[in-house]
Amino acid sequence: MTKAQPTEEHMTTLDKGGVTQGGDPTQSPPPPDDNQATLNRSVHHRVGDQVFRTLAVGSGFVVSLVIFLIAVFLLAQAIPSLAKNSENFFTYTGPWETSGDSLKFGIPQLFYATVVVSVIALLLAMPVALGISIFLTEYAPKRLVGPISYTVDLLAAVPSIVYGLWGILVLGPALVPLNNWLVGNVGWLPFFQEPSQVANMSTGGTLLTGGIVLAVMILPIITAVTREVFTQTPVGHREAALALGATKFEVVKIAVLPFGFSGYISGAMLGLGRALGETMALLLIISTVGPMNFNLMESGETFATKIANNAAEFDSPAKTGAYISAGLTLFVLTFIVNAAARAVVAGRK
């Protein structure tokens with residue numbers, strides 16, 4: 001008898017690794033189809049991406065909504081009092097009268113003191129923060145980077161009231177001899193004239209002292225952001241400069257600083273935001289009304305200290321609205337500063 005030849009269909013099945021009825025039971029089963037597993041993984045990834053996208057968009061929306069609601073609250077509280085203000089809110093420099101139906105209040109002096117102490121803080125903190133960041137990223141031995149970075153960052157953990165007490169009890173009296181020397185020798189400059197409040201010369205509670213304290217407070221913010229940006233400078237940029245014969249200083253100048261400029265400005269603006277809204281430290285150092293004459297030996301009230309000084313007397317909607325209008329101005333000022341910073345960064349790019 002001749003052995004039956006396998007049919008074409010049988011051969012095709014065997015070629016695919018299948019087992020036909022009556023075939024060899026030891027034949028291995030067909031390999032599993034990976035298409036379904038790939039499809040399941042793809043669907044899983046798509047679901048994860050969609051969830052992440054929803055959470056990210058939702059977080060941005062929540063933040064924007066909170067800011068919008070804060071603005072609405074400030075406007076709703078401030079508009080009635082502004083409508084009753086018998087003076088120009090942007091030019092009136094006299095004493096505030098927030099009782100009764102005819103109100104008198106304005107922000108020029110608050111704006112002046114806020115800007116002066118914040119500018120002093122930036123002028124002092126930005127160069128120091130830049131120097132610390134360059135030292136930590138380019139010159140410092142690795143064993144010193146950690147301790148120095150930790151020490152600088154630790155300044156951000158000190159409460160504001162501690163800075164205020166240090167400013168009025170330690171730094172202010174320590175600056176009294178310097179203040180007297182400045183007034184006596186360079187008093188012809190508008191920045192160092194004899195103050196109208198004699199107590200400033202004995203206590204050191206001046207705009208200059210407030211600016212120095214703010215500089216110390218914002219220093220860790222600017223330093224941390226700048227340092228992190230400088231560490232992200234591409235290694236190829238540094239190596240290319242060194243290959244061309246550049247010195248360490250020239251590498252910093254032509255490779256590190258251009259790359260990290262936007263981060264440096266962003267850190268400075270974060271520090272400025274902290275300085276503009278600082279309350280407790282300045283409340284202990286400068287909390288009395290002063291003239292607007294660019295004299296750093298004078299005192300003054302910022303937006304934040306003005307509100308904090310009178311918060312206990314918010315006994316009527318009109319009085320509350322008058323001080324909230326100052327808070328609204330500070331809110332808008334912060335937005336303008338951040339917008340200007342973004343414009344500078346975008347132009348640099």
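Biologist: Which residues in helix 5 meet helix 7, and which in helix 7 do they meet?

Modeller: First, the ground rules. This is a predicted model, where local features need pLDDT of at least 70, side-chain atom pairs count only at pLDDT 80 or more, and totals for chains, interfaces and linings use all residues. Residues are numbered from 1 along each chain as its sequence is written, and side-chain values use heavy atoms, with hydrogens and water left out. Helices are DSSP runs (H or I, at least four residues), numbered from the N terminus. Contact means heavy atoms within 4.5 Å. On the helix 5 side you find S160, Y163, W166, G167, L171, G172, L175 and N179. They meet L208, T209, I212, V213, V216 and M217 in helix 7. The contact residues divide into 9 nonpolar, 5 polar and no charged. Here Ala, Val, Leu, Ile, Met, Phe, Trp, Tyr, Cys and Pro count as nonpolar, Asp, Glu, Lys and Arg as charged, and the others, Gly among them, as polar.

Biologist: At what angle do helix 5 and helix 7 pack?

Modeller: Two packed helices are described by the angle between their axes and the distance between the axes. Axes are lines fitted to C-alpha atoms over the stretch in contact, and angles run from 0 to 180 degrees between N-to-C directions. Helix 5 (residues 160-185) and helix 7 (residues 207-231) pack at about 130°, with axes 9 Å apart. That makes helix 5 oblique to helix 7. The scale: under 35 degrees is roughly parallel, over 145 roughly antiparallel, 65 to 115 roughly perpendicular, and the rest oblique. The crossing is right-handed, that is, the near helix is turned clockwise from the far one by less than a right angle.

Biologist: How far apart are the axes of helix 3 and helix 7?

Modeller: The axes of helix 3 (residues 108-139) and helix 7 lie 6 Å apart, at an angle of about 40°. Helix 3 and helix 7 are therefore oblique to each other. Their crossing is right-handed. The residues of this contact divide into 24 nonpolar, 6 polar and 1 charged.

Biologist: Is T209 buried or exposed?

Modeller: Buried means under 20% relative accessible area, exposed over 50%, and partly exposed in between (1.4 Å probe, protein chains only). T209 sits in helix 7. T209 has 0% relative accessibility, so it counts as buried. Beyond four places in sequence, T209 is in contact with G167, L171, G172, L175, G204 and I285.

Biologist: Which side chain makes a polar contact of 3.2 Å with T209?

Modeller: A polar contact is a pair of N or O atoms within 3.5 Å; within protein, one must be able to donate a hydrogen and the other to accept it, and residues adjacent in sequence count only if both atoms are side-chain atoms. The T206 side chain is the partner at 3.2 Å. A polar atom of the T209 side chain also lies 2.5 Å from the backbone oxygen of G204.

Biologist: What does the side chain of T231 reach?

Modeller: The T231 side chain reaches the backbone oxygen of E228 at 2.6 Å. T231 lies in helix 7. T231 is partly exposed, at 41% relative accessible area. T231 and E138 are 93 residues apart in sequence, yet 8.9 Å apart in space, C-alpha to C-alpha.

Biologist: What is the phi of F294?

Modeller: Most residues other than glycine have a negative phi. F294 is not a glycine, but has a positive phi of about 65°. F294 is found in the loop between helix 10 (280-285) and helix 11 (303-310). F294 is exposed, with a relative accessible area of 53%.

Conventions
Helices (H or I, at least four residues) and strands (E, at least two) are DSSP runs, numbered from the N terminus.
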